[in-house]
Amino acid sequence: MVKNDDFDLRDFLPYLLTQAAERSSLAFQRHYKERYGMLRTEWRVLLHLGRYGAMTAKEICRRSHIHKTKVSRAVAALEKKRYLSRSVIDADRRQELLNLTASGDGVFRALYEEARRFDEALTAPFSEEDVAVLRRMLARMADLDQV
């Protein structure tokens, strides 16, 4: 056992970020998993299509930083649930444009409102200033390509 009074894992920023992300993500999971049978990656793909409109799986990977294999599985699952449709892009027949169906758009709108309410509840114990600082700091950290 290593003993070092200067370092406490509970204060290690990556550990804190992971714990906060996992705990909040699991708490929100019930909205998309229990109600719609979706996994986390499916929810994230649905969110990107609902928020930004039709795009390719490659664009979703780039925006979300999700591995292409996971996005591919999520797209297949969402298509099976009839939440999205695919259409071949004429200019590059290897690529498909993904778009939400009417049903998928309805699910997106319902989950978007749930996410907004969840975010408000999550930040309610903190001052507006603290929330603004936290969001700015996390956004800056998320932009880091490498540490």
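View 1. H65 belongs to the loop that joins α3 and α4; helices (H or I, at least four residues) and strands (E, at least two) are DSSP runs numbered from the N terminus. Although H65 is not a glycine, its phi is positive, at about 60°. Local features of this predicted model need pLDDT of at least 70 and side-chain atom pairs count only at pLDDT 80 or more, while totals for chains, interfaces and linings use all residues. Residues are numbered from 1 along each chain as its sequence is written, and side-chain values use heavy atoms, with hydrogens and water left out.

**View 2. R82 in the loop between α4 and β1 (84-89).** R82, a residue other than glycine, has a positive phi near 65°. Its relative accessibility is 65%, and R82 therefore counts as exposed.

**View 3. The largest nonpolar core.** This core has 24 residues; a nonpolar core is a set of buried Ala, Val, Leu, Ile, Met, Phe, Trp, Tyr and Cys residues joined through side-chain atoms within 4.5 Å. M38, V45, L46, L49 and L111 have the most contacts inside the core. At least two core residues come from each of α1 (13-36), α2 (40-52), α3 (57-64), α4 (68-80), β2 (92-100) and α5 (102-123). Beyond its neighbours within four places in sequence, L49 is in contact with A54, M55, I60, L84, L98 and L100 (contact: heavy atoms within 4.5 Å).

**View 4. Packing of α2 and α5.** The two helices α2 and α5 pack at an angle of about 100°, and their axes are 10 Å apart. Axes are lines fitted to C-alpha atoms, for helices over the stretch in contact, and angles run from 0 to 180 degrees between N-to-C directions. The helix α2 is therefore roughly perpendicular to α5 (65 to 115 degrees; under 35 is roughly parallel, over 145 roughly antiparallel and the rest oblique). W43, L46, L47, G50 and R51 of α2 meet G104, V107, F108, L111, Y112 and A115 of α5.

**View 5. The aromatic pair F28 and Y32.** The ring centres of F28 and Y32 lie 5.9 Å apart with planes at 55°, so the pair is tilted. Rings of Phe, Tyr and Trp (its six-membered ring) pair if their centres lie within 6.5 Å; planes under 30 degrees apart are stacked, over 60 edge-to-face and the rest tilted. F28 is buried at 7% relative accessible area, and Y32 is buried at 1%. Ring pairs link F28, Y32, W43 and F118 into a cluster.

Methods:
Buried < 20%, exposed > 50% of the residue type's maximum accessible area, 1.4 Å probe, protein only.
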